[in-house]
Amino acid sequence: MVIISSFEEYKSFEGKVIGVSNWHRISQEQINKFADATLDHQWIHVDKERAENEGPFKSTIAHGYLTLSLIPYLWKQIADVQNVKLEINYGIEEFKFGQPVLVDSEIQLQAKVISITNLRGTVKAVIEATLMLRDNPKPVYTGNVIFLYHFN
């Protein structure tokens, strides 16, 4: 875990891989709760029997947006940005999904700091997020997330 307490410290990581999260297992329970929260009950996510018999992956798979929604949780395992009075998830850009996440797979986030900009007191951080599957070299997705910080 990297601790960042100022714009200058954040800037020192620009262009570098800052770290990786712990492994996180995607359970059917988590998929089902996400389906309930988003009202997306497509059978490939929630119907184990049908997914095994009719689905292309022979298993249920996580929603793509479920895996995206885990970025803040996984990011907090990589970097602890301290001395801030406000942190905002500002945006996502250029995400491409490379492969599905089957139920019970383990995922890990790798984060690279693309740019750090001071916008008159608001720090804009563009982070390249790459989600990996355990024992698989091809990423689940790659794209940029943007965080805004107001340091004290």
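1. How many helices and strands are there in the chain? There are six helices and eight strands, counted as DSSP runs (H or I of at least four residues for helices, E of at least two for strands) and numbered from the N terminus. Their order from the N terminus is β-α-β-β-α-α-α-α-α-β-β-β-β-β.

2. A word on the basis: this is a predicted model, in which local features need pLDDT of at least 70, side-chain atom pairs count only at pLDDT 80 or more, and totals for chains, interfaces and linings use all residues. Residues are numbered from 1 along each chain as its sequence is written, and side-chain values use heavy atoms, leaving out hydrogens and water.

3. The UniProt record, an unreviewed entry, lists residues 15–124 as "domain: MaoC-like"; such annotations may be inferred rather than shown by experiment. That stretch is 33% helix and 36% strand, and its end C-alpha atoms lie 14 Å apart.

4. Now the interior. Of the 152 residues, 43% are buried (under 20% relative accessible area, 1.4 Å probe, protein chains only). Beyond neighbours within four places in sequence, I18 is in contact (heavy atoms within 4.5 Å) with residues including V2, F13, W75 and V113.

5. Do look at strand β5 (residues 84–97), where L86 is found. L86 counts as partly exposed because its relative accessibility is 41%, between the 20% and 50% limits.
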